[in-house]
Structure formats: structure tokens, C-alpha cells
Amino acid sequence: MLRLEGVESGYGRTTALFGIDLHVAPGEIVALIGANGAGKTTSLMTVCGNPRAKAGRIRFGGDDITNLPTHAIARLGLAHCPEGRHVFPRMSVLENLQMGAAFADPAHFHGDLERMLERFPRLRERLHQRGGTLSGGEQQMLAIARALMSRPRLLLLDEPSLGLAPMIVRDIFALIERVSAEDKVSILLVEQNAYHALKLAHRAHVMVQGRIVASGTGAELLADRDIRAHYLEGGAGV
Amino acid sequence: MEYFLQQVINGVTLGGIYGLIAIGYTMVYGIIGMINFAHGEVYMLGAFTALIAFLAATLLGGADSALGLAIALVATMGFTALWGWAIERVAYRRLRKAPRLAPLISAIGMSVVLQNFVQVTQGARVKPLPPVVHGGFTLMQAGTFKVDLSWLQIGILLLTLALMAGFTWVITKTPLGRAQRATQQDAKMAALLGIDVDRVISTTFVIGAALAGVAGLMVTLYYGVIDFYIGFLAGIKAFTAAVLGGIGSLPGAMLGGLLIGLIEALWSGYFSIEYKDIAAFSVLILVLLFRPSGLLGRPDVEKV
């Protein structure tokens with residue numbers, strides 16, 4: 001579904017990714033874990049063309065998207081739920097969801113909206129409230145719901161647990177699991193919260209300084225002693 | 001009292017015109033954070049387009065018919081919309097990621113280019129237009145003083161109201177308006193949702209320019225004289241209106257325009273007409289000193 005081959009990328013003259021290879025198969029949840037500044041977010045943003053890959057190829061479905069503009073990539077069915085949630089602060093919850101569905105078939109809108117509000121009852125309560133007035137957890141739910149309103153084939157999720165209370169983090173991960181099963185959407189997940197991410201993911205990659213240094217199934221990496229030491233038990237990445 | 005009422009009528013008419021121009025400033029500022037100092041020139045181009053359209057209609061013998069007015073309106077809006085699109089394309093798009101000073105200087109350059117272009121092609125002399133819309137009625141009479149409301153003033157007010165209402169509807173209720181607000185609030189995220197940000201920005205310029213074009217047409221009809229330099233003062237006043245209302249705020253631009261028009265008309269009515277610009281611009285200074293976010297604007301700092 002998504003395939004990155006030797007992707008290099010960065011900001012200005014700084015290179016942040018040194019040849020990334022990874023793929024996401026239909027229905028799969030793939031996690032990228034690693035410390036701050038390892039290039040996880042840059043990987044997701046490069047998939048969306050901002051910044052653009054300096055070398056390598058990115059394919060999505062049958063299309064080569066390496067050089068497409070960001071909005072064109074999104075319209076192919078690739079939804080990105082970025083780090084920091086980026087809810088539109090002065091638009092209502094409903095308008096945020098409408099923005100998510102901007103390029104979906106309008107015939108689906110009411111059904112999809114109802115489904116999202118069923119799944120996130122808090123959003124129904126706040127439907128006409130401005131996005132900026134929601135709590136962090138609510139904003140994260142809204143950001144995920146907004147991304148799903150486009151009926152994507154692939155969802156890029158960047159740090160969905162960032163800055164949220166532990167209880168809510170658990171809810172969010174449970175939700176991601178449900179979304180992947182119910183909406184039949186593939187997920188590429190970036191997380192610093194490696195424990196939750198590895199438990200959830202089918203496969204995962206560990207990034208260090210712009211390179212993938214270890215790959216395996218979630219369970220394998222979770223059992224790996226080095227990974228545990230670095231990213232789970234008080235290591236740099238936790 | 002009668003005198004006051006007459007000045008209010010004049011002020012509201014003028015204020016509507018300023019408001020229409022101010023919308024363009026405030027929208028462009030909202031969406032790309034720059035002051036489009038060439039916007040006043042678009043208004044001037046609208047005035048010239050309208051003048052040419054009316055003169056052509058006069059030659060054909062239909063300038064004062066409703067059809068003649070409608071054709072002039074459509075021609076003016078279409079032509080200024082095209083200019084708005086071209087200005088953004090030529091002078092601003094490539095500077096989207098440049099430091100903020102660069103597009104500002106580019107805007108001033110564009111403004112000078114357009115002024116001189118019109119001066120060279122149309123001549124520097126003041127251009128008169130004989131009255132196209134005649135008549136009106138007297139609201140009240142006190143002794144020898146009459147309070148008049150002309151058909152032209154009514155037309156300007158109704159058209160302004162209709163445009164502002166229609167435009168507010170577009171911004172608050174349609175997918176295009178949502179895309180504009182989304183781009184304004186978080187352009188990067190809008191792109192991730194499939195919004196073509198460049199196109200939204202172009203549309204913003206086109207709409208703002210068309211509204212300024214209408215203002216130009218109204219001024220041509222209202223005052224009957226125009227020259228290549230009118231865009232400067234009107235542009236700065238509409239900018240003042242946008243700042244007064246709170247730059248970036250759409251209702252603010254309309255309110256600010258109305259207030260600037262009223263201030264100007266009342267000042268000319270009761271104090272001195274020579275100092276009316278000083279009154280309007282003193283407002284700009286006072287607002288910037290005491291309420292920089294304007295009447296309806298929001299403070300710059302936003303809780304995340």
C-alpha cells in the first residue's frame with residue numbers, strides 16, 4: 001500500500017533522513033519508534049510531500065507520489081493526523097469534521113458523521129463548540145475523527161499520545177486498534193510511547209538519527225533486550 | 001438634527017464603500033499575514049473600468065438604463081478580479097516563504113507600477129463622468145434645509161449590504177469559505193486535508209479585488225471624478241478601517257469602514273473639510289496605540 005525506498009529528506013541543508021526503506025501492507029499497523037529528533041515525524045511529513053524527498057521513491061497504492069503536492073497526496077486517500085493535533089481552533093467541531101470530508105463523496109457525509117459521533121460521544125456533546133476550547137484528549141479524538149472522515153486507505157498518526165494523561169493514552173490506543181479493524185484502514189504510527197506502540201503494532205521499526213536500525217514484529221521488538229533497555233525501561237526514548 | 005441626519009446618510013454611504021475595500025485587506029491579511037498595499041490600486045482600476053464601461057454605454061445610448069448599470073458592474077467586477085489574480089500570481093506567490101518584509105515591498109512596488117500604468121495609458125488629468133443615476137427624494141425639510149436621500153445613495157447602500165451579506169454567507173456556510181478559514185487558521189493542516197492552499201489564496205485575492213472593483217464603480221458614480229491617484233488615499237483609509245475593526249476580522253472590516261465613513265462625514269460637516277483626512281488617520285494612530293487588536297479583532301496571542 002505504502003512503500004518508501006531509500007528516502008532521503010531534510011530541512012534546508014540539514015539532512016534528517018538517510019535512506020529510509022519501509023512499507024505498510026493493507027490492514028497493517030506499522031509503528032516507528034525512537035528518540036526525539038530521530039526522524040520519525042520527518043518520515044511521515046516526507047510521505048506527504050512537505051518537506052519533499054531529496055532522493056528515493058515513495059509509492060502509494062499504484063501511484064508514485066514522490067513529487068506530488070501535499071494536497072494531491074491527501075486526495076489519493078492518505079490521511080495525516082499530525083503531531084500536535086492541529087485542530088482548527090476557531091472552527092466548530094462539526095466544521096473540523098466537514099473539513100476532513102472536504103474531498104470525500106458527499107453522499108457518505110451524514111452516515112460517516114453519525115458513525116464518528118457514535119464512536120466519540122464527547123464530540124457529539126461539543127459539536128458546535130470551537131476546536132480550540134477542547135481538552136487535549138478531545139482534540140486528539142477530533143483530529144483522528146477528522147482524518148477518518150475522508151475514508152482514507154492509509155492513516156498516518158503522529159504521536160497521538162503526546163501530552164495526554166496516562167488514562168487517556170490507554171483510551172486512544174484502544175481506539176486506534178478499533179479504528180484499524182472497523183474502518184479497514186492501514187496505519188503508520190509514530191510514537192515515543194514505545195511500549196503501547198509495540199503492543200499495538202503488527203510490525204515496527206526503530207529509528208536512530210535518521211536511519212532505521214532495527215525492525216521486527218511488535219512482539220519481537222518488545223522482547224528484545226537492547227530495545228527494552230533503550231526505549232522502554234527508562235531509556236532515552238521513553 | 002436635520003443637518004446631522006444628512007451627514008449620517010453621507011457617512012454611511014461613504015462607509016459602505018470603505019468597508020468593501022477593507023474586506024480585501026482584512027481577508028488577505030488573515031490568510032497570508034501580509035498587507036496588500038496594492039489593493040487600493042485595484043479599487044482605482046475598478047473606478048477606471050467603470051468609467052470606460054459607462055462612457056461606452058453612453059455612446060451606445062444606454063448608460064442610465066438598469067441593463068447598462070448591470071453590465072458595467074459585471075465588467076468592473078470581472079476585470080478587477082482578473083487584476084487581483086494577476087497581482088497575487090506575479091508579485092506575491094513566489095515570495096510566500098520569504099521574510100515578511102519582501103512581499104510588503106513587492107506590494108508597494110506593485111502599487112507604484114499600477115498607478116503609473118494607469119497614468120501613462122489613461123492620462124494624468126482628472127476624468128469626469130456626467131451623472132448617470134439621477135434623482136432621489138427628500139426625507140424631511142426644516143426651513144430651507146432639506147435632508148436628501150438620492151437613488152444613487154440607496155443603490156450604493158443596498159448593493160453594499162447585499163454584497164456583504166452574500167460574502168458573509170460564503171465565508172461562514174460554504175465549503176469554499178470553510179477552506180478559506182481553515183487555510184487562515186492552519187495552512188499546513190489544510191493542505192494535509194487535501195486543500196489546495198495556493199488556489200484558496202488566489203480565490204481570496206480574486207474575491208477581494210472584485211469587491212474593491214465594485215467600490216471603485218460606486219465612487220465613480222458618486223463623485224463623478226476620478227484620477228489615477230485615488231487608490232492611494234482610499235486604500236490607506238480602507239486599511240485604517242480594517243485596523244480599526246480588527247485586521248483579520250470580517251465583521252470588523254465592515255464595521256471599521258462604516259465608522260471611518262461616519263467620522264469623515266461628521267468631521268467635514270461640523271469642523272473643517274480640509275482636516276477630514278487628519279481625523280480619519282488620527283483614529284488609526286489612536287487605535288494602534290490603545291487597542292492594537294482593533295474593535296472586533298482577537299489578541300495576537302492564542303492559547304494552544
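In the predicted model, 18 residues of chain A are in contact with 15 residues of chain B. On the side of chain B that touches chain A, the elements giving two or more residues are helix H6 (175-185) and helix H7 (187-192) of chain B, and H6(B) gives the most, with six residues. By class, this side of chain B has eight nonpolar, five charged and two polar residues.

H6(B) also packs within its own chain against helix H8 (residues 197-223) of chain B, at an angle of about 110° and with the axes 10 Å apart, so that H6(B) is roughly perpendicular to H8(B). To this contact H6(B) brings B:Leu176, B:Ala179, B:Gln180 and B:Thr183, while H8(B) brings B:Val197, B:Val200, B:Thr203 and B:Thr204; by class, the contact has four nonpolar and four polar residues, and no charged residues.

In chain A, the peptide bond from A:Asn50 to A:Pro51 is cis, with omega near 5°, and A:Pro51 is found in the loop between helix H1 (40-47) and strand S4 (55-60) of that chain. Positive phi values occur at A:Arg151, where phi is near 50°, and at A:Glu159, where phi is about 50°, although neither residue is a glycine. A:Arg151 lies in the loop between helix H6 (136-148) and strand S7 (154-158) of chain A, whereas A:Glu159 lies in the loop between S7 and helix H7 (166-182) of chain A. A:Arg151 counts as partly exposed because it has 17 C-beta neighbours inside 10 Å, while A:Glu159, with 22 C-beta neighbours inside 10 Å, counts as buried.

Methods:
Residues are numbered from 1 along each chain as its sequence is written. Chains are lettered from A and ligands numbered from 1 in the order in which they are written. This is a predicted model: local features need pLDDT of at least 70, side-chain atom pairs count only at pLDDT 80 or more; totals for chains, interfaces and linings use all residues. Two residues are in contact if their C-beta atoms, placed from the backbone, lie within 7 Å. Helices (H or I, at least four residues) and strands (E, at least two) are DSSP runs, numbered from the N terminus. Ala, Val, Leu, Ile, Met, Phe, Trp, Tyr, Cys and Pro count as nonpolar, Asp, Glu, Lys and Arg as charged, and the others, Gly among them, as polar. Axes are lines fitted to C-alpha atoms, for helices over the stretch in contact, and angles run from 0 to 180 degrees between N-to-C directions. Angles under 35 degrees count as roughly parallel, over 145 as roughly antiparallel, 65 to 115 as roughly perpendicular and the rest as oblique. A residue is buried if 20 or more other C-beta atoms lie within 10 Å of its own, exposed if 12 or fewer, and partly exposed in between; C-beta atoms are placed from the backbone.
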